[in-house]
Amino acid sequence: MTESPDALMRSLQFTSKQADPVATFGFSQRRKLFLLLMALPATLYVAAIGVYPLVRGLIFSLFQYNLLQPNRTHFVGVQNYRDLIGDPAMRQALANTAIFTVATVAIQLLLGGLIALALWRDDRFNRICLTLILVPVTITPLAVGLIFKGLLLADYGLVGYYLAQWGLSSPRGLFSDSSTALATLVFVDVWEWTPLMALILLAGLKALPGDLLEAAAVDGATPLRRLRKIILPLMLPSILLALTLRTIDAFRVFDIVFVTTAGGPGDATDTLMLLAVKEGLSFFDIGRASAIANLTLLCIALIAVVFIALIRRADKKANGR
């Protein structure tokens, strides 16, 4: 019995669809495959540059591993972490890092907020000022540290010499005195990164609804009341974002400390990152250095989690969700 032409055509189409795997592969599946292939190079790069060193560092921290005695390498578990908890140098570095982070971020938030309010109005003068104040951000922290070290040296520094002569600093200079070294580092970091804080806060100010502020002004609200009741609540997500970025960056400070004080005098300005570098590159204790780096990473992760939760809550509150 012969088949009709229409039935024969449908049979051939069905057979071709079964034989062609692309035809049975839907558009959504092909799109997912395409996106996966596009993301594959970036994924491999992150795995090679980011994930692999972290895993190696975690493994090293579980071993007593010193490059000067490679034959004595053996597994010690969490002993490196236990030793760090009772180490006075580790506690001092953690305290210095915490003080530096809180002081710099708090001062930068205050000064950055004032600068952002001063530059809120969009005119030519404010645009020129904004361009000029961003100059410190364009300089690398290493260069900033060297510049301030040259300025504040008591022997021949352009500023430090006169400060020592007038009795405003110790004869050894601000960086060589344990009572002023950490505060001087805070000043250097504030000088460099306050413009970035101001820029983020200024972007938040520019995004505020102007009609709401105008309505509040018409209703007789004073500038201070508008700042407290409208501007600050609506800017809370931007403020928390700026705090998150600067807190994480300040907590892992290394460059300016390394080139100015190298952790001295004594351990007055030792930070966690500097201590890890000293343990790894000066004493060649890779296991201990890896443990310090992992603890630093854990602290940064906890800070990020807390701030991200606060940002989400503030964003939901600001948008009425």
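The model described here is predicted.

R288 forms a salt bridge with E279, and the closest N and O atoms of the two residues are 3.3 Å apart. E279, at 11% relative accessibility, also counts as buried.

**Overall form.** The chain contains 14 helices and two strands. Along the principal axes, its C-alpha atoms fill a box of roughly 115 × 80 × 35 Å. The radius of gyration is 29 Å, whereas a compact globule of 321 residues would have a value near 20 Å. Of the 321 residues, 33% are buried. The chain exposes about 19900 Å², and carbon and sulfur atoms supply 68% of that area. Among contacts with a separation of 6 or more, 66% are between residues 24 or more positions apart.

In soluble globular proteins, nonpolar side chains tend to be buried together. The largest nonpolar core in this model has 50 residues, and F100, L201 and M235 have the most contacts inside it. The element that gives the most to this core is helix α9 (residues 181-206), with ten residues. When neighbours within four places in sequence are set aside, the contacts of F100 include L182, L185, V186 and D189.

**Salt bridges.** The count of salt bridges comes to eight. Three of them are listed below.

| Pair | N to O distance |
|---|---|
| R246 and D189 | 2.9 Å |
| R252 and D249 | 3.0 Å |
| R288 and E279 | 3.3 Å |

R252 is partly exposed, with a relative accessible area of 42%, and D249 counts as partly exposed at 22%. A network of salt bridges links D189, R246, D249 and R252.

**A nonpolar patch on the surface.** Y45, V46, I49, V51, V55 and I59 make a nonpolar surface patch of about 550 Å². Y45 belongs to helix α3 (residues 27-60). Is Y45 buried or exposed? Its relative accessible area is 54%, so Y45 is exposed, the limit for this class being over 50%.

**Backbone features in two loops.** Most residues other than glycine have a negative phi, and most peptide bonds are trans. The loop between α12 (255-260) and α13 (272-282) holds P265, and a cis peptide bond with omega of about -5° joins G264 and P265. A262 is found in the loop between α12 and α13 as well. Phi of A262 is positive, near 55°, although the residue is not a glycine. With 39% relative accessibility, A262 counts as partly exposed.

F284 is found in the loop between α13 and α14 (286-318). F284 has a positive phi of about 60° and is not a glycine. Its relative accessible area is 30%, so F284 is partly exposed.

Definitions and conventions: Residues are numbered from 1 along each chain as its sequence is written. This is a predicted model: local features need pLDDT of at least 70, side-chain atom pairs count only at pLDDT 80 or more; totals for chains, interfaces and linings use all residues. Side-chain values use heavy atoms; hydrogens and water are left out. A nonpolar core is a set of buried Ala, Val, Leu, Ile, Met, Phe, Trp, Tyr and Cys residues joined through side-chain atoms within 4.5 Å. Buried means under 20% relative accessible area, exposed over 50%, partly exposed in between (1.4 Å probe, protein chains only). Helices (H or I, at least four residues) and strands (E, at least two) are DSSP runs, numbered from the N terminus. Contact means heavy atoms within 4.5 Å. Patches are made of residues with over 30% relative accessible area and no salt bridge: like charges are joined within 9 Å, nonpolar side chains (Val, Leu, Ile, Met, Phe, Trp, Tyr) within 5 Å. Accessible areas come from the Shrake-Rupley method with a 1.4 Å probe; for residues, only the protein chains shown count as cover. A salt bridge is a side-chain nitrogen of Lys or Arg within 4 Å of a carboxyl oxygen of Asp or Glu. The radius of gyration is taken over C-alpha atoms; the globule rule is 2.2 Å times the number of residues to the power 0.38.
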